[in-house]
Every structure is written in structure tokens, then in C-alpha cells.
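Welcome! Take a look at the protein below, and then let's walk through the links between its side chains together.

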Amino acid sequence: MKTLQTTFFLFAFVPLVNSAPPIQQESAQAYDYDTDVILGSLIQQDYEMQSKDIRKDGTNVSLDTSLRLQGDDSERNVPPTKDTNLPTCLLCVCLSGSVYCEEIDIEAVPPLPKETAYLYARFNKIKRIAVSDFADITTLRRIDFSGNRIEEIEDGAFSKLLLLEELSLAENRLIKLPVLPPKLTTFNANQNRIKSRGIKANAFKRLTNLAYLYLGHNALESVPLNLPESLRILHLQHNNITTITDDTFCKSNNTHYIRTQMDEIRMEGNPILLAKHTNAFSCLRSLPVGTYY
């Protein structure tokens, strides 16, 4: 009798033990369900609060649309706005002494690292160059400001750039030239509004290394005076030059004088007939390009 009772007890108890895991699983499912209910309730409350805020702001966009816009992946494709207040080497590209600030719509020369040797700031909106822009940058060898809106360059803006060899101010709005640094080999001021009175008589005389001078497409009435002996290429095409003299390129008091370095002079597009001034070219190895008849 006792054996039967024991056996009955074991058969009754074992199923209870085996059924424990399903109970625990149901408990977990109930917990997840409750969590989902709670989260759903919170989301609904947030939904209702945002709906009220939208109605208060007078916005006509539905909340569903607003939520979709907030999570829209297309926003990642929106190009970043240009922030010209960023540090220079975040706004521009700085690489081994070169600073590239091209086509970023800056309106002034950015502060440069002191070791800058090459500055490329083409196609921006720079209107003015100040003395302070390069006051502490004595290592510059090349500057390119082509395609800006420069109207004014302060006196002495380039005076401390004793190593500068190449300077381009092409495609700007200059009416006069600044004082140029002494070691320039290339100067480009094509496509400005420069008149002859905007160039000082000795502007180029002391530039004994100047080999390439580009002043085409301006408003010059005459060829600049005192061009250095080092000059190889001179572009004066499409100006308003109406006359030249025997001393413009040569020396009227020295018939043996030859400009040995000069390879090319361009004067086409000027209202002058070069054939009337043949003595002005007697020291040149080749005649200037222009109109002779």
C-alpha cells in the first residue's frame, strides 16, 4: 500500500516539475507583451504631443509626413552648406606648404599657416587684399587670385613677400597695380580694368627677374615704361594702346642695343597701326604680333 502511494506521488509530482519551463516562457512572453504595450503607449503619447505642437505652430504637414521626413535617408544626400567661418585648413585643403581655397565663395583672404608657400584662392568672391593678410607669411612663393572680385589692394600688401616669384591677379576688377615684390618672375593681370595711369612709371623697373608679364584685356592707353631687361614674354593684346615711341622697347640713342631676352610681344586688338612705328622694334629679334596694315 505504501509502495502504491509512493508511486502515485511520483507520477503526480514529475509532470509538475516538467511543466515549469513553459510557465517561465509564458511569463517572459507576458513581460514582452507588457513592454510593447508600455512602449506603444509612450509612442502614442509622443504622437499626440507632437500633433498638438504642430497644430500650435500652424504647420499644415501631417505628423506621419513629418515623422517620415525626420527619418528620410534622402537627407543624407543634401550637400553641406559652406561655412566660411571654419578654420582655414578645414575650409580649404592644406598640403605640404600649399593651401587650396578654390571655389568656396570666401570674401577675404583666410588666415594662413605660417609655413604656407603656395596659395591658390581662385574663383571666389574676394574684393580686397589688406596688408594684414600676408604680414606674417614670409614664405610665400606663389599666389593665385584669378577669378575673384578684387577692386583694391592696400599699399604694401605684398611688400614683405621677398620670396614671392609668381603672382596672378587675372580676371578681377583692378584699375591700378600695387607695388610688386622684387623677385617676381611671373605677373599676370589679364582681364582687369587697368589704365595706364594706374601703373607707376617704375612699377617694373626694379623687377630684374621678371620674365613673363601679362596685361592683356585691360584699358591701357600706352605700353608700360621701363620694362626690365629680363622680360621674355609681354602680352598687351586687346587694350586701348594708340601710340608707341622709339624708346618703348628700344633705346633711340643706342642703335646697337638688342633685347636678347625678349621672345614674344602681343599687341593685337589695339587701335594702333604698328607699321607706322617700325623704329620702335629695331632692337627686337622678332616683330610684335599685331596689325601692320
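This is a predicted model: local features need pLDDT of at least 70, side-chain atom pairs count only at pLDDT 80 or more; totals for chains, interfaces and linings use all residues.

Residues are numbered from 1 along each chain as its sequence is written, and side-chain values use heavy atoms, with hydrogens and water left out.

**Salt bridges**

- A salt bridge here is a side-chain nitrogen of Lys or Arg within 4 Å of a carboxyl oxygen of Asp or Glu. By this rule the structure has nine salt bridges.
- The salt-bridge partner of Arg142 is Glu166, and the closest N and O atoms of the two are 3.1 Å apart. Arg142 sits in strand E5 and Glu166 in strand E7, so this pair ties together parts that are 24 residues apart in sequence (helices, H or I with at least four residues, and strands, E with at least two, are DSSP runs numbered from the N terminus).
- Glu166 is partly exposed too, with 28% relative accessibility.
- Arg141 and Glu165 also meet through their side chains in a salt bridge, at 3.7 Å from N to O. This pair links distant parts of the chain, 24 residues apart: Glu165 is in the loop between strand E6 (152-153) and strand E7 (166-168), and Arg141 is in the loop between strand E4 (128-129) and strand E5 (142-144).
- Glu165 counts as partly exposed at 33% relative accessibility, and Arg141 is partly exposed with a relative accessible area of 33%.
- Another salt bridge brings together Arg173 and Glu151, whose closest N and O atoms are 3.9 Å apart. Arg173 lies in the loop between E7 and strand E8 (186-188), and Glu151 in the loop between E5 and E6, so the pair connects parts that are 22 residues apart in sequence.
- Arg173 is partly exposed at 33% relative accessibility, and Glu151 is partly exposed at 47%.
- There is a network as well: salt bridges link Arg128, Glu152 and Glu154.

**Disulfides**

- How many disulfides does the structure hold? It holds three, where a disulfide is a pair of cysteine sulfur atoms within 2.5 Å.
- Counting the bonded cysteines along the chain, the pattern is 1-3, 2-4, 5-6.
- Cys89 is joined to Cys94, with their sulfur atoms 2.0 Å apart. The torsion about their S-S bond is about -90 degrees, so this disulfide is left-handed.
- Cys89 is partly exposed at 40% relative accessible area, and Cys94 is partly exposed at 29%.
- Are Cys92 and Cys101 buried or exposed? Both Cys92 and Cys101 are buried.
- Cys250 and Cys283 pair up with their sulfur atoms 2.0 Å apart. They link distant parts of the chain, 33 residues apart: Cys250 is in the loop between strand E10 (233-235) and strand E11 (264-266), and Cys283 is in the segment after E11.
- The link of Cys250 and Cys283 is left-handed, with -85 degrees about the S-S bond, and both of these cysteines are buried.

How values were computed. Buried means under 20% relative accessible area, exposed over 50%, partly exposed in between (1.4 Å probe, protein chains only).
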